[in-house]
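Please look through the sequence and the 3D structure shown here before reading on.

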Amino acid sequence: MDHNDHVDLLCEGVTATDATWADFGAGSGAFTLALAELLGPGAEIHAVDRDDRALREGARRMARHFPGTNLTCHHADISSQLTLPPLDGIVMANVLHFQPDQNATVSSLRRYLRPGGRIVIVEYNIKRPNRAVPHPVPAARWTELAARAGFEHTKLLKTRPSRTFGEIYSAASW
Ligand SMILES: C[S@@+](CC[C@H](N)C(=O)[O-])C[C@H]1O[C@@H](n2cnc3c(N)ncnc32)[C@H](O)[C@@H]1O
């Protein structure tokens, strides 16, 4: 997948411009850059990850490709109490499948969102765990997790074939 695929997976869930978003488990920024493109110059994006090296790589890529984006990196565990402004949206791509307590993780993210805010996730649409995806979140499971955490209007956005694990999908919940 390249940058255009990342943008395409997010685009129907990211409509605001000049907004404040966070990328939880941002890694080296594949989806943070996609967010920057969709939100446009002036957007405020918070990238959160426990891998400081990956965050620094993401910050370098952002400065090179989207210098008009205000990026703040948070070297932290996503389950910790983060100091963030009220968010219009959260992206979490390829991260939830590492979290053993997904109910707690998803519920904890709600506190960061403004009323009307949304979460956009990207995950493999597989049911069986493997070493790289220890706690899979197929689309039906996301619908359940989101509802249990108090999100509404879950919508499957896009799917893409994955070379490694069948299919990757994006979904948004408000
Ligand atoms: C497979 S990578 C995905 C990176 C990026 N979102 C992407 O799709 O390209 C998973 C990322 O989640 C981060 N991560 C996993 N669990 C985390 C946690 N509990 N707190 C912070 N970061 C976490 C890892 O450090 C890693 O950078």
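A residue is called buried if its relative accessible area is under 20%, exposed if that area is over 50%, and partly exposed in between. The structure described here is a predicted model, and this should be kept in mind throughout.

**Aromatic pairs**

Two aromatic rings can be described as a pair by the distance of their centres and the angle of their planes. In this model the count comes to 2 aromatic pairs. One of them is formed by Phe-24 and Tyr-112, a tilted pair with 5.7 Å from centre to centre and 40° between the planes. Because Phe-24 belongs to strand E1 (residues 20–24) while Tyr-112 lies in the loop between helix H4 (102–109) and strand E5 (113–124), this pair ties together parts that are 88 residues apart in sequence. By the definition of burial given above, both Phe-24 and Tyr-112 are buried.

Tyr-124 and Phe-165 also form a pair, and since their ring centres are 5.1 Å apart and their planes stand at 85°, which is over the cut-off of 60 degrees, the pair counts as edge-to-face. Here, too, distant parts of the chain are linked, for Tyr-124 is in strand E5 and Phe-165 is in the loop between strand E6 (155–161) and strand E7 (167–173), 41 residues apart. Tyr-124 has a relative accessibility of 15% and therefore counts as buried, whereas Phe-165, at 21%, counts as partly exposed.

**The ligand and its surroundings**

The ligand sits in the largest pocket. There are 16 residues around the ligand, and those that come nearest are Gly-25, Asp-49, Ile-78, Ala-93 and Asn-94.

| Residue | Atom of the residue | Atom of the ligand | Distance |
|---|---|---|---|
| Gly-25 | backbone N or O | nitrogen | 2.8 Å |
| Asp-49 | side-chain N or O | oxygen | 2.6 Å |
| Arg-50 | polar backbone atom | nitrogen | 3.3 Å |

Taken alone, the ligand would expose 590 Å², and the protein buries 81% of that area.

A polar atom of the side chain of Asp-5 lies 2.9 Å from the backbone nitrogen of Asp-2.

Key. Residues are numbered from 1 along each chain as its sequence is written. This is a predicted model: local features need pLDDT of at least 70, side-chain atom pairs count only at pLDDT 80 or more; totals for chains, interfaces and linings use all residues. Side-chain values use heavy atoms; hydrogens and water are left out. Rings of Phe, Tyr and Trp (its six-membered ring) pair if their centres lie within 6.5 Å; planes under 30 degrees apart count as stacked, over 60 as edge-to-face and the rest as tilted. Helices (H or I, at least four residues) and strands (E, at least two) are DSSP runs, numbered from the N terminus. Buried means under 20% relative accessible area, exposed over 50%, partly exposed in between (1.4 Å probe, protein chains only). A residue is near a molecule or strand if one of its heavy atoms lies within 4 Å of it. A polar contact is a pair of N or O atoms within 3.5 Å; within protein, one must be able to donate a hydrogen and the other to accept it, and residues adjacent in sequence count only if both atoms are side-chain atoms. Accessible areas come from the Shrake-Rupley method with a 1.4 Å probe; for residues, only the protein chains shown count as cover. On a 1 Å grid over the protein atoms alone, a cavity is a set of points where a 1.4 Å probe fits but cannot get out, and a pocket is an open set with protein on both sides within 12 Å along at least five of seven lines; lining residues have an atom within 4 Å of a point. A molecule sits in a cavity or pocket if more than half of its atoms lie within 2 Å of its grid points.
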